[in-house]
Amino acid sequence: VFLTQSTDLTVVDDGVACNIGAYSYLRVMDLEAEGIFSSLNITKFATGVAYVPSGPVDVTLKFHVFNNPADYSATGFAYSSLTQIGSDITVSIPNTPLLPNPPVIVESPVSGITIPAGSKYIVWEVEAPVSNGNFVLGTNTRGESGATFYGGCATGDPTPITTATGFANQHWVTWLEGSVGSGLPFPVAD
């Protein structure tokens, strides 16, 4: 299965970053709306990267579900309403010069992450520690079917809020690949 909320997977812009504190980028995907009601085994994570001046930089990839699906709001939500699934995953992001150099797509294998059957939402998060303040995920202005969220120093509050608050055209280019139910992979379009 291929999950994304990016209308276009081309990275054309840089995004929101912070150089004085830790921060995160998050996506929330409605699994029921995608027709996924059984367990979901994540096998690959991919993200656009616009700028990493001193790479490689290690970021932390995390997966979550909501304790109560009613806690999700398209404008923001609390970390306390999430349960992490599996362990933190370290993803190494290569040195990426500032635009107009071409941004890159970083793909990382994922193992040990199975979202339980019946989960309404999956949340994936990329957390950049304070020492990685110039790490900027790739975005575009070409639309998204769900909100991009960020939390941490850019907001002065660790509570994730949508980029529509202050950064309306910052649509994070990201996707997941995996398999559902019996573990048989679905075909993925190139």
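Here is a short walk through this structure, from its overall build to a group of aromatic rings.

The model is predicted, so local features need pLDDT of at least 70 and side-chain atom pairs count only at pLDDT 80 or more, while totals for chains, interfaces and linings use all residues. Residues are numbered from 1 along each chain as its sequence is written, and side-chain values use heavy atoms, leaving out hydrogens and water.

Let's start with the whole chain. The protein chain has 14 strands and zero helices; strands are DSSP runs of E with at least two residues, helices runs of H or I with at least four, numbered from the N terminus. Of its 190 residues, 47% are buried (under 20% relative accessible area, with a 1.4 Å probe and protein chains only).

Now for the rings. Rings of Phe, Tyr and Trp (its six-membered ring) pair if their centres lie within 6.5 Å, and planes over 60 degrees apart count as edge-to-face, under 30 as stacked and the rest as tilted. The count comes to nine aromatic pairs. One of them is Phe 66 with Phe 77, edge-to-face at 5.3 Å centre to centre and 80° between the planes. Phe 66 lies in strand β4 (residues 57–66) and Phe 77 in the loop between β4 and β5 (82–93), so this pair ties together parts eleven residues apart in sequence. Both Phe 66 and Phe 77 are buried.

Tyr 72 and Phe 149 also pair edge-to-face, at 6.3 Å and 75°. Here Tyr 72 is in the loop between β4 and β5 and Phe 149 in strand β10 (residues 148–152), 77 residues apart. Phe 66, Tyr 72, Phe 77, Tyr 121 and Phe 149 form one aromatic cluster.

Terms used:
Buried means under 20% relative accessible area, exposed over 50%, partly exposed in between (1.4 Å probe, protein chains only).
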